[in-house]
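Visitor: Could you walk me through this one slowly? I am new to reading structures.
Guide: Gladly, ask whatever comes to mind.

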Amino acid sequence: TGLGPLDLTVCVLGSPTALLPVLLEGGTRCPGAMVLCLSPSWASRVPSETSPGAWTLLLSRGVSFGVGGHSTLETFEPPRRANYVTGTLAPGATESGWVGELTRDLDCPTGGSVPLARRLEDVLVTRWVLAACAGIPVPPTLAFVLGPRGDLPGEPVAPGVRVVRLEDPQGQEGLVQEE
């Protein structure tokens, strides 16, 4: 309450599809503070003045949202500093490369990262964490993994999850049939 576009800039990078309700509601609650950045050419990273080794994200263009879903393509002169950044970080999304690059090592809070998105979308890791760490029942799972996986312990013990490590997919049909 009481903040305006010069005080707060919540930046959504990439496709607005998943975050459109957030953009619309944010525009209603704090008109002009929600900014959608659709292109990497609309943003730049500069060294942070407050956090050594970090970066500040500056927006030169963006689609700002206001009351009633009103949106405006704006050019910001001088560029606006992002105070919070999120976006399309899911693996496989066409813009996840540039979004991930722009969100890396920022001096403001972010709504995730490409490594976190990859980890959350990995069904095996998710089930293992739920079963082994949180004690939450998961569907019976048989997973074949090729080689070592650093994101899973050497001997995962998780109720309902069985991991079979294959060294080489060739010549291991018997092991797969047995499991």
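Visitor: Is R104 buried, partly exposed or exposed?
Guide: R104 counts as partly exposed, because its relative accessibility is 38%, where buried means under 20% relative accessible area, exposed means over 50%, and partly exposed lies in between, with a 1.4 Å probe and protein chains only. Please keep in mind that this is a predicted model, in which local features need pLDDT of at least 70 and side-chain atom pairs count only at pLDDT 80 or more, while totals for chains, interfaces and linings use all residues. Residues are numbered from 1 along each chain as its sequence is written, and side-chain values use heavy atoms, with hydrogens and water left out.

Visitor: Which residue does R104 form a salt bridge with?
Guide: R104 pairs with E101, and their closest N and O atoms are 2.2 Å apart; a salt bridge here is a side-chain nitrogen of Lys or Arg within 4 Å of a carboxyl oxygen of Asp or Glu. E101 is partly exposed as well, with a relative accessible area of 40%, and a network of salt bridges links E101, R104 and D105.

Visitor: And what about R45, where does that one lie?
Guide: R45 lies in strand 3, residues 43-47, where strands are DSSP runs of E with at least two residues and helices are runs of H or I with at least four, both numbered from the N terminus. R45 is buried yet has no salt bridge, and the nearest side chain of opposite charge, E101, is 4.8 Å away, counting Lys and Arg as positive and Asp and Glu as negative, with His and the chain ends not counted.

Visitor: So what does the side chain of R45 reach?
Guide: It reaches the backbone oxygen of E101 at 3.2 Å and the backbone oxygen of R104 at 2.4 Å.

Visitor: New topic: how many salt bridges are in the whole structure?
Guide: A search finds five, and one of them joins the side chains of R81 and D107 at 3.3 Å, N to O. R81 lies in strand 5 (residues 71-81) and D107 in the loop between helix 2 (96-103) and helix 3 (114-120), so this pair ties together parts that are 26 residues apart in sequence.

Visitor: Are those two buried or exposed?
Guide: R81 is partly exposed, with a relative accessible area of 34%, whereas D107 is buried, with a relative accessible area of 18%.

Visitor: Last one, which residues of helix 1 are buried?
Guide: In helix 1, residues 20-29, the buried ones are L23, G26 and G27, while P21 and R29 are exposed on the other side.

Definitions and conventions:
Polar contact = N/O pair within 3.5 Å; in protein donor to acceptor, adjacent residues only side chain to side chain.
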